[in-house]
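Here is a short note to read beside the model. Please keep the structure open as you go through the points.

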Amino acid sequence: MANIAVARIKREFKEVVKSEEAAKCAIKVELVDNNFTELRGEIAGPPDTPYESGTFILEIKIPETYPFNPPKVRFQTKIWHPNISSVTGAICLDILRDQWAAAMTLRTVLLSLQALLAAAEPDDPQDAVVARQFKENYEIYVKTAKHWSYKYAGAPNRTPELDSKLKQLADMGVDEHRARVALSSCDWDLARATETIFS
Amino acid sequence: MASYFDEHDCEPLGPGEQPNHFLHLARLLLDSGVAALEGQMFGEKKAPPASKEAVEQLPTYSLSGTDLGKPCPVCLLEFAPDDMLKAMPCKHRFHASCILPWLQQTNSCPVCRHELPTDDTDYEEFKRQKGRAKDREARIEQLHDSMFG
């Protein structure tokens, strides 16, 4: 990898480790390989959101042309959010695309992602199903996002009434994640979810 | 009273010159409800490189006392005594070798997004159009306030 990219990542690494946010356990980065091309990021779900107290893991790939081009970032932890694909973890955020600027760093990217969790942009969606639910049925969106945070990001809030619906599908032999996706996408309407699975 | 052309920031047509119908159609679309599509039409596109002329005119500095020990915002390495620096009009300073490749790609300051002019006529037109839309909104707002405020 180009020298400037490696030198920068090394410095940024220190910046994140020494940062106030790292001290509060809000953000974290780790090396995945020794050539600084792949990193693992971690952000804490922001307070007063359905993601609160969850830990979300990010896959960060540093391109050869860094910092002239943005890092490629994807959620590895499954998440229910209008601007993040519930299938692939792909993120819709302007600074990771056309609004990148060379003075941005891993720290500012991680903080921006944390801000995105606190303030979704349903009019610029990555996941159309989640965005629709966010706009048309906000309460169900909050419940679903909490449920996913509990299940995949280790957040403490259980959602018992949703669990019982999941169990009914599981009893029919449906894979748990598949059942969760179907129910989440059908606003937890058991009949409709069953229909999408078995049709 | 300002002339029509001053007020609309445009020139009268020269003798024999035809109006640019494509431009008018695009304006009509933007001014009507289709403006919501604006972001999809233009927003996704990365801003073009800074114009060569503007880049050549950026002042070059050798290191002065105040910059010593500050990091270059692009490579994050501290400025050293022999480094050649360039300053943007917004006063943000960079290593020449760091800012020049960036400006060949995008026209704005990596720190504050202050924009340099570009050689891209479509982009410049889009920027003017956006400025006009903003002015128009401000004028309507002002008018509204003077009547009901």
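1. Start with a pair of strands in chain B. S1(B) and strand S2 (residues 84–87) run antiparallel and are joined over 3 bridges. Strands are DSSP runs of E with at least two residues, helices are runs of H or I with at least four, and both are numbered from the N terminus. Two strands pair if DSSP finds at least two bridges between them. One bridge to look up: B:Thr60 has B:Lys86 of S2(B) as its partner.

2. A note on the source. This is a predicted model, where local features need pLDDT of at least 70, side-chain atom pairs count only at pLDDT 80 or more, and totals for chains, interfaces and linings use all residues. Residues are numbered from 1 along each chain as its sequence is written.

3. Now the whole sheet. It is open, has 3 strands in the order S1-S2-S3 (chain B), and pairs antiparallel. Strands S1 (60–62) and S3 (93–95) of chain B each have a single partner strand, so one side of each lacks a neighbour in the sheet. Neighbouring strands are turned by 40° against each other on average, direction ignored.

4. Next, helix H5 (residues 96–103) of chain B. It lies across S2 and S3 of chain B, at about 100° to S3(B). Angles run from 0 to 180 degrees between N-to-C directions, with axes fitted to C-alpha atoms, for helices over the stretch in contact. Contact means heavy atoms within 4.5 Å.

5. Finally, the cysteines. How many disulfides are there over all chains? The count is 0, taking a disulfide as a pair of cysteine sulfur atoms within 2.5 Å. B:Cys98 is in no disulfide; the nearest cysteine sulfur, that of B:Cys75, is 3.8 Å away. B:Cys98 counts as buried because its relative accessibility is 5%, where buried means under 20% relative accessible area (1.4 Å probe, protein chains only).

Notes:
Chains are lettered from A and ligands numbered from 1 in the order in which they are written. Side-chain values use heavy atoms; hydrogens and water are left out. Buried means under 20% relative accessible area, exposed over 50%, partly exposed in between (1.4 Å probe, protein chains only).
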